[in-house]
Amino acid sequence: MGTLLRHIRFLAGVLALACMVATATPVHAQQPVNPTANAVQEQQLLQQLNRIEGRGTLPDTRSNVLEQPAGRDWRQFSQVTLPWIGAIAIIGVLALLVAFYLIRGMVRIKSGRSGRVLVRFSSFERLVHWMTAACFIVLAISGLNITFGKQLLLPLIGPEAFTAFSQWMKYAHNYLSFPFTLGVVMIFLLWLAGNIPNRVDVEWLRQGGGIVGDKHPPAYRFNAGQKMIYWIVVLGGTAVAVTGYLLMFPFWGGTDIVTMQWAQIIHGVVGALFVAAMLGHIYIGTIGMEGAFEAMWDGTVDTNWAKEHHSLWVEHEAAKGHVTPPPPAGKMQAAE
Ligand code: HEM
């Protein structure tokens, strides 16, 4: 009897101990926690199904796709590859321009200013140029903010200022795309006739545009270098406009996520190369060449500038009676 009681007491003790342990430490708290367990399941799901799709309340069922493998490639491209392409192109061109300026300096009007001018661009042409240029500069800054802002600007100005700046820049980027696109169409129509490549361009290119050395190869109204800028503006402008509107109006016209990923890749790469190319144009139009800026500012150029850089155009203008001949030497002396 005594032995039986001892066994019952021992069993009760074991049970009580088991109950205490069970209530004091839940079973799951003892198992090691794997913080990436969900991600592993997600990865397995992706491997098996190629995408993760759920159910949603939005009428457009495409919004139910949460993850798909192409999305990861696209994210890698837009967060790593694109910034590298942009940085190399833009810093590369800036470095070349600085080196060129230090070595060659400003290209001067060799024969000096004649004091007589020739009309080069009408006021309408200048209006179109400056409208497009102003839009382009804001589009470039706001676009670069999308690609580089988080890395470069955010640490400098802090999250609040960066958020406000980025929001305004995004509005500017969207709305200024319309006058910019109009400007590209106008530039295409206004200057097409002068920008069809011809044999003179081959010789101009062969002589390196005369920019190295002192020779000035002949050119009509636009030389081969300017024709390149024109076609970069027309084709690059068309590419960024088309891809930009595909992004601005998602799924419009039957586009899907893959099309929009391609649109973003093309928009980003062409946009970055476009900015790099226009830096070269802005350089030549300002500190790179004496007498160039006034062509787009008041619409006229010095006749000697025109003879040195666009000799065939001057001949053409002279034939139309647009070039005033220099006053006879005797008269000049009398006036003096
Ligand atoms: C501050 C910026 C800019 C300056 C100072 C500038 C200056 C000039 C000048 C002086 C010319 C006339 C060259 C000549 O007489 O032969 C010109 C022409 C032209 N510009 Fe600009 N420009 C600027 C920005 C832009 C932008 C952003 C675009 C387009 C997105 C553009 C497109 C053109 C085109 C297509 C031509 C005619 C072809 C050529 O001369 O290269 N420009 N620009």
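A search of the whole structure, which is a predicted model, finds 14 aromatic pairs. One of these joins Tyr230 and Trp231, whose ring centres lie 4.9 Å apart with their planes at 90°, so the pair is edge-to-face. The points below take up the aromatic residues and then the iron site.

**Aromatic rings**

- A pair of aromatic rings is described by the distance of the centres and the angle of the planes.
- For Tyr230 and Trp231 the angle of 90° is over 60 degrees, and therefore the pair counts as edge-to-face rather than stacked or tilted.
- Elsewhere, Phe100, Tyr101 and Tyr283 form one aromatic cluster.
- Trp313 has a charged residue over its face, namely Arg120, at 4.7 Å from the ring centre.

**The iron site**

- The iron atom of the ligand is coordinated by two histidines, His129 and His281, each through its NE2 atom, at 2.0 Å.
- These two histidines link distant parts of the chain, since His129 belongs to helix H5 (residues 123-152) and His281 to helix H9 (residues 257-288), and they are 152 residues apart.
- The site of this iron atom has 6 donor atoms with angles of 86 to 179° among them, and its geometry is octahedral.
- His129 is buried, because its relative accessible area of 13% is under 20%.
- His281, with a relative accessible area of 30%, is partly exposed, because this value falls between the limits of 20% and 50%.

Terms used. Residues are numbered from 1 along each chain as its sequence is written. This is a predicted model: local features need pLDDT of at least 70, side-chain atom pairs count only at pLDDT 80 or more; totals for chains, interfaces and linings use all residues. Side-chain values use heavy atoms; hydrogens and water are left out. Rings of Phe, Tyr and Trp (its six-membered ring) pair if their centres lie within 6.5 Å; planes under 30 degrees apart count as stacked, over 60 as edge-to-face and the rest as tilted. A charge sits over a ring if NZ of Lys or CZ of Arg is within 6 Å of the ring centre and within 35 degrees of the ring normal. Donors are N, O and S atoms within 2.8 Å of the metal (3.2 Å for Na, K and Ca); water is not among the atoms, so sites may look incomplete. Four donors count as tetrahedral if all angles lie between 85 and 135 degrees; four count as square planar and six as octahedral if opposite donors are over 155 degrees apart and all others between 65 and 115; anything else is irregular. Helices (H or I, at least four residues) and strands (E, at least two) are DSSP runs, numbered from the N terminus. Buried means under 20% relative accessible area, exposed over 50%, partly exposed in between (1.4 Å probe, protein chains only).
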